[in-house]
Amino acid sequence: MRFKHVLHLLGVFFLIALTAQLLCAQPSPKREVRGVWIATVGNIDWPTLATGTNVEKQKQELIHILDEHKKSGMNTILFQIRPSADAFYGRGREGWSRYLTGKQGKAPDPFYDPLDFIIDECHKRGMELHAWINPYRASTTLNPNHFSEDHITKKKPEWFFTYAGKKLFNPGIPEVREYIIGVIMDVVNNYDIDGIHFDDYFYPYPDSRNTPIPDRITFGQYANNFSNIDDWRRNNVDILIRDLGIAIKAKKPYIKYGVSPFGIWDNKDANKDGSNTHGLSGYRTLFADGVKWIKEGWIDYINPQIYFPFQNRAAAYEILVAWWQNHTYGRHFYIGHGAYRVNEKKPGWTDRSQIPRQIRYLREQPNVQGSIFFSSKSLTDNLAGLQDSLQRNLYHASSLPPTMPWIDSIPPHAPFGLQLKPSDNKRMNNLVWQKPDRAADGESAYGYVVYRFKEGEKLDLNNSSKIIHITYHEDDLQYTDIDINPKEQYYYFVTALDRMKNESEPSNIRSTEKLSKYSSVYTMK
C-alpha cells in the first residue's frame, strides 16, 4: 500500500509540474495593454474609508496600490476622476468629490491634486494614466446633504432627470453635451494624461420595475428629425462621442480615447449582426452603439466588459471575444475582465483558473491587444490567487502598450552616450545616457526602456523578459540596477519611447567587462 501511495504522489507531482510547464510555455508578448480600473465612486478602491480625509494617508495608500499593480506587471491605470459630476482634480469647473474629502465641494487640506499626483507616480513606474470619466451620472443619491450649493444639478436643474434614485444628465439637451465636453476638455487642457476613458454608463440601466426613462418631453423639444425615440437616444450619445473625440484630437492628438461598453453590443435574435448571446443589449438598453464609434474612427480603442466565463449559457466569453474581433475596424480591442467575480459560487467562476485561462486564450487571438481588470481591489486583495498568477506567471515579464499607427508611426531617435559605472562593491550598476535629438516628426524622447542581458544571451529587443526598467519621464536619464549578481557579466542598452510608445533603435551597448562581439549585434523587429 505504501508503494502504491508513493506512486500516486509521484503521479500527482508529475501532473503539477507538467501543468506548470504548460502554463509557462506561452510567451509573454512585448506589446499588450495590461490595465486596471481604480474606482473612486463609493470609495470602492480608493481612498478607502480607513484613510479618512488624511492627505498623507491617501497618498501613501495610492502609492501602495500603484506599487502592487507595478509588481503585477500592469502598464495602464484607469483612474476614476469624475464619479458623479464632481472631481478628483482641481483645475476644472466642477467641485471636489465627497468621496475624496467627505463633503462635496470641499478641497483637500493640506491641498494636493490627486490627478497630478497619480499621473506623476504612474509615469515614474512606466504606466500610462487614463482619466476615467462618467459622462452622465450626476449623483448616486438624492440626499440633499450630499450636494454642494454650487453643484451643477442646483445651477441647471432643467438639465437632469431622476431615475432609480439618482440624478442623470439628460443627453438629449444640446447644452448638456456641450457642458460635458467642456468639463472633459478642462482635464485634457490642464493635465498630462495619456487617455480619456468612458465606462458603460450612458443612458441608465433599467431599474427593478423597468421604469421608462423620463425624457419624452425632451424628445419632443429636440427631435432632430428622428421619429423613433430609441434611434434619437443613440444619436444623442453618438454626437457626444464624436464631438468629444474631435475636440481631444484637435488639442492633443496623442491622447488615447476609448470606451468600455457593456460586453454585449446586441443579440442575434434581435439583430442579424449581433452576437449569439441572450443577455442585456448595450445597443438597445443603454443606447450605446460601440460598433459605430469604432467603425467611424471616433475612438482609438473599444474595451467591452466581457465579465462572463467560458461556455456561459447566456453570453460565453469565447463567443463574445470572437464577435468583437470582427468589429474593430483597425482600432484596438481590449477585453474587460470581471476580476471581482472570481470568488462567486456560480458556473464557470468556481474554476479559480478562469481569468488566467481567459488571458491565455485572448493572446492566441489575432486581433486582441490586451486586458483591463475591474477592479483594483480585486487584484490587490489577491482574490482566487489572481494577483499571484499575474505577477509570477502571466505578467512576469514587462510589457509596453501597443502602438497606434493611425495617430503616430514615427519612432524617436535612439539615446546615445550610454555610460556604465559599477559600484565599488560590484553590487550596483549605475547607468547614465543622453537624450536623443528630435525625430522627423519633431518629437524627442518621452520615456526610456532599459534592457539587460547576461553574457552569451542573444541581444533581442523583442524579449520583454530582459526589460528591467521603463520610465515615462523624458529627463530621467539614469538608472541604478541593484538586482545583480557580482559574479555575472551583464550587457545593457537603452531605447527611447515617444508619446505613443513607438520605440527607437537601441543606444550603444555597455557591459560590466570589456565589450565583445555583442557590441554591435542585436535583433529588433
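Predicted model: local features only at pLDDT ≥ 70, side-chain atom pairs only at ≥ 80, totals over all residues.

Biologist: Is H4 itself largely enclosed or largely open?

Modeller: Largely enclosed by the rest of the structure, because eight of its 11 residues are buried. H4 covers residues 114-124. Among the buried ones are Phe117, Ile118 and Ile119. Glu121 and His123 are buried too.

Biologist: What caps the N-terminal end of H4?

Modeller: Asp113. One of its side-chain oxygens lies 3.0 Å from the backbone nitrogen of Leu115.

Biologist: Switching topic. How many salt bridges turn up in the whole structure?

Modeller: The search finds 35. Take Arg233 with Asp215, where the closest N and O atoms are 2.7 Å apart. Arg233 sits in helix H8, and Asp215 in the loop between strand S6 and helix H7. The two residues are 18 apart, and the pair links distant parts of the chain.

Biologist: Are those two buried or exposed?

Modeller: Both Arg233 and Asp215 are buried.

Biologist: What does Lys292 pair with?

Modeller: Asp238, at 3.2 Å between the closest N and O atoms. Lys292 lies in helix H10 and Asp238 in helix H8, so this pair ties together parts 54 residues apart in sequence.

Biologist: Which residue forms a salt bridge with Lys272?

Modeller: Asp273, at 3.4 Å from N to O. Lys272 is exposed, with a relative accessible area of 67%. Asp273 is partly exposed at 41%.

Biologist: Now Ser376. Where is it, and is it buried or exposed?

Modeller: Ser376 lies in helix H13, residues 376-380. Its relative accessibility is 1%, so it counts as buried.

Biologist: What does its side chain make a polar contact with?

Modeller: The side chain of His69, at 2.8 Å. Leaving aside neighbours within four places in sequence, the contacts of Ser376 also include Val36, Trp37 and Asp45.

Biologist: Last one. In what sense do S12 and S13 pair?

Modeller: Antiparallel, over five bridges. Gln419 stands opposite Val432 in S13. The hairpin has six residues between the strands, and Lys426 there takes a positive phi near 65 degrees.

Terms used: Residues numbered from 1 in each chain as written. Heavy atoms only, no water. Buried < 20%, exposed > 50% of the residue type's maximum accessible area, 1.4 Å probe, protein only. Helix = DSSP H or I, 4+ residues; strand = E, 2+ residues; numbered from the N terminus. Polar contact = N/O pair within 3.5 Å; in protein donor to acceptor, adjacent residues only side chain to side chain. Contact = heavy atoms within 4.5 Å. Pairing = 2+ DSSP bridges. Salt bridge = Lys/Arg side-chain N within 4 Å of Asp/Glu carboxyl O.
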